[in-house]
Amino acid sequence: MGLMLCGVAASLWLSTQAIADSYRLEQLREQNAQLAERAEQLRREVGQLQSPSSLAERAKSLGMVPGGNPARLVVNEDGSIVLVGEPVEATAPDPPPSEDADDDGRTGESDDDDGAGDDGGSADSDDSDSGDGDGGGAGSDDR
């Protein structure tokens with residue numbers, strides 16, 4: 001009787017362990033599928049970042065400019081060196097228009113359009129000083 005009870009208990013324990021292992025196996029399969037999907041996503045992202053257009057855009061944002069046509073040195077069989085092509089210096093393209101432009105497209109201009117700015121006021125005061133007839137003040141008679 002004790003032997004049979006031990007056999008039933010062992011059988012129940014083994015079946016419980018098998019079910020637990022089955023759940024763990026299913027979880028590991030789901031995790032494996034998620035990791036494989038993430039790896040594929042990273043491969044696509046790396047491929048996209050390595051594309052020539054993406055590299056050119058990132059290089060431009062860093063301030064890099066495309067290189068000119070480099071000259072090439074060709075070593076002949078007899079050991080002489082020949083320069084092929086003319087080296088061209090890389091030049092930066094014109095900078096894009098500044099982003100601080102007003103809504104109407106003007107850049108760097110004052111919003112004061114009435115013509116009565118600081119310069120107009122000082123010109124009026126200069127005219128009143130020179131127009132009083134004394135020839136510019138007391139300092140001009142001392143010459």
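This is a predicted model: local features need pLDDT of at least 70, side-chain atom pairs count only at pLDDT 80 or more; totals for chains, interfaces and linings use all residues.

Q: Where do Arg-24 and Asp-21 lie relative to one another in helix H1?
A: They are three residues apart in H1, so about one helical turn separates them. An α-helix has 3.6 residues a turn, so residues three or four places apart point the same way.

Q: Is Arg-24 buried, partly exposed or exposed?
A: Arg-24 counts as partly exposed, at 45% relative accessibility. Asp-21 is also partly exposed, at 40%.

Q: How many salt bridges are there by this rule?
A: The count is two. Glu-40 and Arg-43 meet in a salt bridge with an N to O distance of 3.4 Å. Glu-40 is partly exposed at 36% relative accessibility, whereas Arg-43 is exposed at 55%.

Q: Turning to helix H2, how many of its ten residues are buried?
A: One is buried, and H2 is hardly covered. Ser-54 is found in H2, which spans residues 52–61, and Ser-54 counts as buried because its relative accessibility is 16%, under the 20% cut-off.

Q: What does Ser-54 touch, leaving aside residues up to four places away in sequence?
A: Ser-54 touches Gln-48 and Leu-49.

Q: Which helix has the lowest mean pLDDT?
A: That is H3, residues 118–130, at 47, while H1, residues 2–49, has the highest at 95. The chain averages 77, and 68% of the residues score at least 70.

Methods: Residues are numbered from 1 along each chain as its sequence is written. Side-chain values use heavy atoms; hydrogens and water are left out. Helices (H or I, at least four residues) and strands (E, at least two) are DSSP runs, numbered from the N terminus. Buried means under 20% relative accessible area, exposed over 50%, partly exposed in between (1.4 Å probe, protein chains only). Contact means heavy atoms within 4.5 Å. pLDDT is the predictor's confidence in each residue, from 0 to 100. A salt bridge is a side-chain nitrogen of Lys or Arg within 4 Å of a carboxyl oxygen of Asp or Glu.
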